[in-house]
Amino acid sequence: MPTPSIPRCELHAWRAVEAHAREMRHVHLRDIFRSDPARGQRMTQETCGLYLDYSKNNVTGESLSRLRDLAEACDLRTSIQDMLNGRKINVTENRAVLHTALRNRSNRPIIVDGRDVMPEINAVLEQMASFSRQVRDGTWKGFTGRPIRNIVNIGIGGSDLGPMMACEALKAYSDRRLTVRFVSNVDATQFVEQTRDLDPAETLFIVASKTFTTQETMTNARSARAWMLDALKDPASVARHFVAVSTNTAEVVGFGIDPANMFGFWDWVGGRYSLCSAIGLPLMIAIGPESFVQMLEGCHAMDQHFATAPFELNLPVTLGLIGVWYNNFFDAQSQAILPYDQYLSRFAAYFQQGDMESNGKSVDRAGRPVRWQTGPVLWGEPGTNGQHAFYQLLHQGTKLIPCDFIGFCRSHNPLDSHHDILMANFFAQTEALAFGKTAQAVAAEGTDQALLPFLVFEGNRPTNTLLADELTPYTLGALIALYEHKIFTQGIIWDIYSFDQWGVQLGKVLAGRVLQELQAPSSPALQHDSSTNALIARYRARR
């Protein structure tokens, strides 16, 4: 562990932000815009096809300057270079953090433990591309000689959320002759429903597990193999209908998968950052290698921007610091991502894992309990659906919830006036959240005085607006890398390790113990608390 540094909340730069925030808490966005009417043109940044308007935040130039001073005091610049150059910044697991190497389109050498990792990365990408082309053009045949028409990815966490989100996001670029589905939950219902209408002779399973021992994934994989063998009868069929994304050759071979169809990855790739690795195989099959590479190009462009742009022009740093501003100095407990594009329906869920698993930590890098808030609760839904669900709370509730709005100038489905209506709501919501509606404005409409308090909108609710021309593979890659680097920026400010996830382990260990008790032939003496003992006993008696 590193030598303990000064706790973040004791840094002079932290206290300077804190003092300034106390002044800004009582300033309304109406007043800020009134005194600075051009801020909507000035408080913007643009790169990699993304245009960020951050003017509808309760910040001034001084606010952002003090936040950037805090980033400098936390040595964010050095931390960025340490990550990109392969230093083992995941200290608790003694690993480098190199998801950026997976999309290193410059192909510059990146050294880990004395070896350039780029040749291996390029080899796996070429293996993925070759296999994807075979499936897409029908060269790869199932056991009965029929082409593959259905792809079912079996994984969990980052081995599921990333490719599932991206397959939905880039559906407009996919080969519609192929059906791509995902199974993650160990609840048998998901496997049964996702395979109910599929023909085993035309179905390929991708089993994604680094160790090939993940309980949920391997339970589903064994059920998939039984489902396949029930139809095709011959164990030899497994090799034509299953491939693996793993590093455990022995377990893969023992399952019946040809090791030639095992796609490897590395321990310096965290699951929630692994979409650009072989974990993205179902996506590459769906959209083709060329479009997949375009997504990598978008990621790489944002990586380069993050590494080289000065903080005052750096999109991930700006978003990260604004998030710190509300999380730590305005007591905001959550953050909403609101994409106005149905194709991004899983984007918020993907970064729910990315953010909350990365920065949901309560000890700093020296192992001390933190004295400041770390990661927020992150959530969101697409488009106007949310307006008819939870926007009431955003507008008139008692909680401050900063929101990111993501929209596109062009739709892949330009049906009548749909997109104009969608984007009219997109622009109107950020305006309404920022400026609200005063009691005077309500009264001027001749409203019954008894109703007036209910029709007032306080406003002063902060938003960022991200606008791009169109949702393309490149744009998606840039968005993904933008939010990844925002998470990293905040982790550095909070002095926590963003790339481990020890918090998920305890439940797994206890679940293994409980499973033995559930499956024991007799009723063993239970050694849990009284609540857990009673619940297990009731389940055993009634199942």
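**Tour: a helix, a helix pair, a loop proline**

Select helix α15 first: 10 of its 13 residues are buried, so α15 is largely enclosed by the rest of the structure. Buried means under 20% relative accessible area, exposed over 50%, partly exposed in between (1.4 Å probe, protein chains only). Helices (H or I, at least four residues) and strands (E, at least two) are DSSP runs, numbered from the N terminus.

This is a predicted model: local features need pLDDT of at least 70, side-chain atom pairs count only at pLDDT 80 or more, and totals for chains, interfaces and linings use all residues. Residues are numbered from 1 along each chain as its sequence is written, and side-chain values use heavy atoms, leaving out hydrogens and water.

Stay on α15, residues 347-359. Color its buried residues, among them F347, Y350, F351 and D355. Now show what covers them, including α7 (158-169), β10 (334-339) and α20 (473-493).

Next, select α21 (residues 505-519) and α22 (residues 530-542). They pack at an angle of about 40°, axes 10 Å apart. Axes are lines fitted to C-alpha atoms, for helices over the stretch in contact, and angles run from 0 to 180 degrees between N-to-C directions. Show side chains: V514, E517, L518 and Q519 in α21 meet I536, Y539 and R540 in α22. Contact means heavy atoms within 4.5 Å.

Last stop: P259, in the loop between α11 (249-255) and β9 (262-263). P259 is partly exposed, at 43% relative accessible area. Then pick A244: 15 residues from P259 in sequence, 8.3 Å in space, C-alpha to C-alpha.
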